[in-house]
Amino acid sequence: MTNQKLPNATAVLVLGILSIVTCCCYGVIGLILGIIALVLAKKDKALYDANPQAYSNYNNLNIGKILAIIGIVLSILYLLMTIWMFATFGLEGMQDPQAVQEKMREMMGQ
């Protein structure tokens, strides 16, 4: 009996990596990719749990799941930072880097 590969393990790994790479796209893209990776990982984990001897690439699935979780956390942090910056500086303020620097200095008490 030859071991087959889990159907979504490579996709979960790739999506986990992409969720980290794209977390700086206002946090939205990384969050979406991370959630998709976790959903696919859950499906493959159920397959693996049903018959662990039949599958050989569980390691990729596990690593992809960990990367997806990291990507989700980073995306949420970046999204919260973006929301805070828009609430603090406004849209016009965000388009003027010098105004942002000035406001940040004021906030830091310098």
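# Helix packing in a predicted model

Helix α1 (residues 9-21) packs against helix α3 (residues 58-94) at an angle of about 25 degrees, with the two axes 7 Å apart. The angle is under 35 degrees, so α1 and α3 count as roughly parallel to each other. This is a predicted model. Helix α2 (residues 28-50) also packs against α1, and its axis comes within 8 Å of that of α3. A search of the whole structure turns up one salt bridge.

**α1 with α3**

- The crossing of α1 and α3 is left-handed.
- On the α1 side, the contact uses Ala9, Val12, Leu13, Gly16, Ile17, Ser19 and Ile20.
- On the α3 side, the contact uses Asn60, Leu61, Ile63, Gly64, Lys65, Leu67, Ala68, Ile70, Gly71, Leu74 and Ser75.
- Sorted by class, the contact of α1 with α3 holds 11 nonpolar, six polar and one charged residues.

**α1 with α2**

- The angle between α1 and α2 is about 155 degrees, and their axes lie 8 Å apart.
- That angle is over 145 degrees, so α1 and α2 are roughly antiparallel to each other.
- α1 and α2 cross in a left-handed sense.
- From α1, the residues in contact are Ala9, Ala11, Val12, Leu15, Gly16, Leu18 and Ser19.
- Their partners in α2 are Gly30, Leu33, Gly34, Ile36, Ala37, Leu40, Ala41 and Asp44.
- The contact of α1 with α2 has 10 nonpolar, four polar and one charged residues.

**α2 with α3**

- The axes of α2 and α3 cross at roughly 150 degrees and come within 8 Å.
- The angle is again over 145 degrees, so α2 and α3 are roughly antiparallel to each other.
- α2 passes α3 with a left-handed crossing.
- α2 contributes Val28, Gly30, Leu31, Gly34, Ile35, Ala37, Leu38, Ala41, Asp44, Lys45 and Tyr48.
- α3 contributes Tyr58, Leu61, Lys65, Ala68, Ile69, Ile72, Ser75, Ile76 and Leu79.
- By class, the contact of α2 with α3 splits into 14 nonpolar, three polar and three charged residues.

**Ala68, a buried residue of α3**

- Ala68 sits in helix α3.
- Its relative accessibility is 0%, so Ala68 counts as buried.
- Beyond its neighbours within four places in sequence, Ala68 contacts Gly16, Ser19, Gly34, Ala37 and Leu38.
- Of these partners, Gly16 and Ser19 are among the α1 residues that meet α3.
- Gly34, Ala37 and Leu38 are among the α2 residues that meet α3.
- Ala68 and Leu31 are 37 residues apart in sequence, with their C-alpha atoms 8.7 Å apart.

**The salt bridge**

- Side chains of opposite charge can pair when their charged atoms come close.
- Here the side chains of Asp49 and Lys45 form a salt bridge, at 3.0 Å from N to O.
- Both residues, Asp49 and Lys45, belong to helix α2.
- Asp49 and Lys45 are four residues apart, about one turn of the helix.
- Asp49 has a relative accessibility of 46% and counts as partly exposed.
- Lys45 is also partly exposed, with a relative accessible area of 28%.
- Lys45 is also one of the α2 residues in contact with α3.

**Loop between α1 and α2**

- Thr22 lies in the loop between α1 and α2.
- Thr22 is buried, at 15% relative accessible area.
- Leaving out residues up to four places away in sequence, Thr22 touches Ile29, Gly30 and Leu33.
- Tyr26 is placed in the loop between α1 and α2.
- Tyr26 counts as exposed, at 53% relative accessibility.
- Most residues other than glycine have a negative phi.
- Tyr26 has a positive phi, near 60 degrees, and is not glycine.

**Loop between α2 and α3**

- Tyr55 is found in the loop between α2 and α3.
- Its relative accessibility is 12%, so Tyr55 counts as buried.
- Not counting residues up to four places away in sequence, Tyr55 touches Asn3, Gln4, Lys5, Leu6, Leu47 and Tyr48.
- One of these partners, Tyr48, is among the α2 residues that meet α3.
- Tyr55 and Gln95 are 40 residues apart in sequence and 51 Å apart in space, C-alpha to C-alpha.

Notes:
Residues are numbered from 1 along each chain as its sequence is written. This is a predicted model: local features need pLDDT of at least 70, side-chain atom pairs count only at pLDDT 80 or more; totals for chains, interfaces and linings use all residues. Side-chain values use heavy atoms; hydrogens and water are left out. Axes are lines fitted to C-alpha atoms, for helices over the stretch in contact, and angles run from 0 to 180 degrees between N-to-C directions. Helices (H or I, at least four residues) and strands (E, at least two) are DSSP runs, numbered from the N terminus. Angles under 35 degrees count as roughly parallel, over 145 as roughly antiparallel, 65 to 115 as roughly perpendicular and the rest as oblique. A crossing is left-handed if the near helix is turned anticlockwise from the far one by less than a right angle, and right-handed if clockwise. Contact means heavy atoms within 4.5 Å. Ala, Val, Leu, Ile, Met, Phe, Trp, Tyr, Cys and Pro count as nonpolar, Asp, Glu, Lys and Arg as charged, and the others, Gly among them, as polar. A salt bridge is a side-chain nitrogen of Lys or Arg within 4 Å of a carboxyl oxygen of Asp or Glu. Buried means under 20% relative accessible area, exposed over 50%, partly exposed in between (1.4 Å probe, protein chains only).
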